[in-house]
Amino acid sequence: LALTAPRRRRLSPLPHRAAGAANPDAPSSLFSGVAASLRAAADAALGAAATAAAASGASPAGGSAAHTHARRRLSADDAPFFMVVGFEVQPCSVHHDASEPISAVSCSNAGEVEGMAAQEIFQDATIVYSYDVYWQETDIKWASRWDAYLRMPGGDVHWFGILNSCLVVLIMASLVAVVLIRTVRRDLAKYEALLVEPAAADARDEAGWKLVAGDVCRAPRGSRMLAVALGSGAQVLCTNAVSLLLAALGFLSPAARGALLTTTMVLFVWLAIVAGLVSTYMWGVMERSYSGWAVVCARVSTIVPGIIMAIFTVLNLVIHHTGTSGAVPIGMYFGLVAAWFVVSIPLTFVGGYVALRLPIPDHPVKTNQIPRHVPPQSAVTHPWVLFLAAGILPFGTIFIELYFAMTSIWLGFFYYLFGFALLISLLALLVTAEVSVLCTYTQLCSEDYHWWWPSFHRGGCVALYTAVYALSFMLWTLPTLHGALPILIFSSYMAIVLV
């Protein structure tokens, strides 16, 4: 089957729109609707190519030419009936005379047609656009139609990243084992020996973490906000874990547009019960009482979701003001707001109510009534030094997979290597936990018992390195990103990811 339908366009140095009527001779078959859609897409693509060529004046041949013909090949599977399983477009530049019938065109890989002149671009030129469609039987099955798009290059690079992450995990695990098995056990043995032999009390030389044993379990400042942050983090962690697991198992197919995003949003709403449970329980552990748990649940259900919703609202209003079709419809927007207030917030209080039934564990040591003075910290054990050092190894673990994910998101590629992403996420969690343990032990050895908030910040320090990488990605990988709106969209979505 071959269809030809001329499309005329008069070029000018200013942007212009495509115009043309539908082909009355198109067949009324199963493929007619597909052909009509492809024809419209090709018209838009050819029009954009002509506009860009007119503005730049560049062409493969060295002159000013435009792609005026699109050869489209559709592959079809014949079992049990014909279904489109493939689509390929090859553009080329051909000069057509508007007063003569369209002749057969054979496009080459270089975009040139043998024996036919290319369409030159000049002021007030009349250009005829054409296309042809060829149907081809293929052995590709309907269930395998996405395989061509899901083949992502660089499989060896992903395995190299996983191997590198495994080595980092093993090294960090060895360091943690050395600290916990040798250092801590040796210190405990000496401390117990001094308790058994009172005569050796004068020879006791207490130093390091033993001096802050009576203050290490003291409730931190801003414990309510720390409980809120821990609850929100648990909610995000569970949401990402379940989403990646479902995607890795193949339940979220790319054939269903938006399946991953929809699943993630639904899980985030329903897993608000985890946020309420964790935040209320941690509030009880730190304050030794569940009094005021309703305030904790109210904050955990509004702060992080509120920040995300505020960014989304501002971004959607700006996009809607520009008149583009990328804005979320008003009905869907209020549907998201309703899901937040009707489902997420009540589930948060349900999780907090469940946490009230959990017993508060006893502290391993008794807390002193008078807080101990914290001595000045050295350059090595300074909180900012430990904070910046804690994010290097976790970021190195996720760097390779982060590059592929951001390239797929912002450059329009498919990303379906969720198995690699799941493995890298697990390894990054292990590295983050091990680094946090080492940094906390180092802090306690310097007689600084304010470890609650710093340990939380060190686990999230990887977001700082990710933000720096996102900025460099925008400057060097997306050099064509110009204008306030594209930069605002990129910054807003990356801010949501970092939060």
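Of the contacts in this chain with a separation of 6 or more, 75% join residues 24 or more positions apart. Keep in mind as you browse that the model is predicted.

**The chain as a whole**
- Of the 499 residues in the chain, 36% are buried.
- The exposed surface comes to about 28000 Å², with 68% of it supplied by carbon and sulfur atoms.

**Helix H6**
- H6 covers residues 272-287, which makes 16 residues. From first C-alpha to last it reaches 22 Å, close to the 22 Å expected at 1.5 Å a residue.
- Which residues of H6 are buried? They are Ala272, Ala275, Gly276, Ser279, Thr280, Trp283, Gly284, Val285 and Met286.
- An α-helix has 3.6 residues a turn, so residues three or four places apart point the same way.
- The cover over the buried residues of H6 includes helices H4 (223-248), H5 (259-270), H7 (293-300), H9 (330-355) and H13 (452-459).

**Where H4 meets H12**
- H4 packs against H12 (residues 418-445) at an angle of about 145°, and their axes lie 8 Å apart. The crossing is left-handed.
- On the H4 side, the contact is made by Leu237, Leu244, Leu245, Ala247 and Ala248. H12 brings Phe418, Gly419, Ala421, Leu422, Ser425 and Leu429.
- By type, the residues of this contact are 9 nonpolar and 2 polar, with no charged ones.

Notes. Residues numbered from 1 in each chain as written. Predicted model: local features only at pLDDT ≥ 70, side-chain atom pairs only at ≥ 80, totals over all residues. Heavy atoms only, no water. Helix = DSSP H or I, 4+ residues; strand = E, 2+ residues; numbered from the N terminus. Expected span 1.5 Å × (residues − 1). Buried < 20%, exposed > 50% of the residue type's maximum accessible area, 1.4 Å probe, protein only. Contact = heavy atoms within 4.5 Å. Axes fitted to C-alpha atoms, helices over the stretch in contact; angles between N-to-C directions. Left-handed = near helix turned anticlockwise from the far one by under 90°. Nonpolar A, V, L, I, M, F, W, Y, C, P; charged D, E, K, R; others polar. Areas by Shrake-Rupley, 256 points an atom, 1.4 Å probe, with all protein chains shown as cover.
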